[in-house]
Amino acid sequence: MGGRLRLGMIGGGRGSQIGDSHRLAARLDDRYTLAAGALDIDPARGRDFALELGIAPERAYADWRAMVEGERSRPDPVDLVTIATPNASHHPIAKACLEAGIAVLCEKPLATSSRDALELCRIARQHGRIGAVMYGYTGYPLVRQARAMVRDGALGRIRVVRAEFAHGGHVTEIERDSPNAAWRYDPAIAGPSGVLADAGSHALHMIAWIIGQDVAEISAHFDRIVPGRRLEDNAFLTLRYEGGAVGTLWASSVALGHRHGLRWEIFGDRASLAWQQEHPNHLVHCLVGDSPRLIERDGPGTDPWSRRSGRVSGGHSEGYFVAFANLYRDLADAIVARRSGKEVDAATYGLPDLVDGAKGVKCIEAAVESAARDGAWVSARLPDWTQEGSEQ
Ligand code: NAD
């Protein structure tokens, strides 16, 4: 397999919400060395933290532009860059990395407009670059189990879905004292949507990815519950899928009493499945005419892909970091395979790719437009060229 891959990181500085999760996940399977970073909007703080993490001084960059330039002119550039900055900078950073020949793992949402997201898909296709989006919850073994079951026909025709990512983290005006929360309601940094882009985008992607149907049309209602917010902190969506399924999605940051709040149910004509991220090692499965039963992570009859996605046998509690680590591990396999000349991309490994990221951005745009038009149905379809050569 060769040595470890070289990982670069942009954003994810000290005290950031998601930086440590990436670093821990990347380390879990010993596939990467953190070799370079532009970790913080504040250059001195970023460099200081990079040195503390063991990054060599000449690769502890003051800003992301210097990092892309510095890395592209090295004989040993980074193999992958993780982009963990707030939303508005994802597009320029990902574009620069892809153009410099570096694979990217970008945080969601991939961009703040579908035009920008599609541009990234085009660049990656034209130049044969690998790109993935950190819809990290798709790495849970039982989420992969659900996707495998739908693909095997175990649920029959998918009729109805119901998804939530409704947390209670922002029930008060937390953004007054928390810079990490403040940008999430600032359209210049977050983009056109608040909690739908921030949280709901995970649930939107996860359902489409599991059932193998893209969202066709969206009707949305947005609320700004906490006074002063410029973007929605509560969103209700009704969804029509390409394959005929219908569904609802609730995204909220004011769901008092909910902790993380990601959960879903999928109802087919042969069976249904239900899962919640706070109990990730159990999937509730119900066949027509039967009582619900639990499918356990690594349990009897589980799909090999799902079993491979764990690191310890069933019965042990396992979760969040392993889910993220699965994306890093699979991405390492994709990068190594591409190096050896194989025609692979992130989707080959079941990973959310840049087209998935663009679909998410398009859904956000459609929902924003629908909400502004009092819930009118708005198309969430991407141009046909995005589907060509894709796995789904
Ligand atoms: P945060 O505000 O907590 O941290 C952002 C970090 O990026 C800080 O360290 C900041 O200094 C740095 N930064 C900002 N601009 C920069 C720039 N131009 N160059 C270099 N560094 C820069 O934000 P967060 O909650 O960690 O979110 C970051 C991204 O991750 C967002 O896009 C968010 O949507 C996403 N996110 C994803 C998940 C997930 O589950 N996949 C969870 C949380 C956040």
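Trainee: Which residues does Tyr-61 touch, and what makes these contacts?

Mentor: Leaving out residues up to four places away in sequence, Tyr-61 touches Ala-36, Gly-37, Ala-38, Arg-47, Ala-66, Met-67, Gly-70, Glu-71 and Arg-74. Contact means heavy atoms within 4.5 Å. This is a predicted model, in which local features need pLDDT of at least 70, side-chain atom pairs count only at pLDDT 80 or more, and totals for chains, interfaces and linings use all residues. Residues are numbered from 1 along each chain as its sequence is written, and side-chain values use heavy atoms, without hydrogens and water.

Trainee: Is Tyr-61 called buried or exposed, and why?

Mentor: Buried means under 20% relative accessible area, exposed over 50%, and partly exposed in between (1.4 Å probe, protein chains only). Tyr-61 has 10% relative accessibility, and therefore counts as buried.

Trainee: What makes strand 11 and strand 12 a pair?

Mentor: Two strands pair if DSSP finds at least two bridges between them; strands are DSSP runs (E, at least two residues), numbered from the N terminus. Four bridges join strand 11 (residues 271-276) to strand 12 (residues 282-287), and the two run antiparallel. Leu-273 stands opposite His-285 in strand 12, and a hairpin of five residues joins the strands.

Trainee: How do you know which strand holds the bridge partner of Val-284?

Mentor: The bridge partner of Val-284 is Leu-294, in strand 13. Strand 12 and strand 13 (residues 293-296) also pair in the antiparallel sense, over four bridges. In their hairpin, with five residues between the strands, Gly-289 takes a positive phi near 75°.
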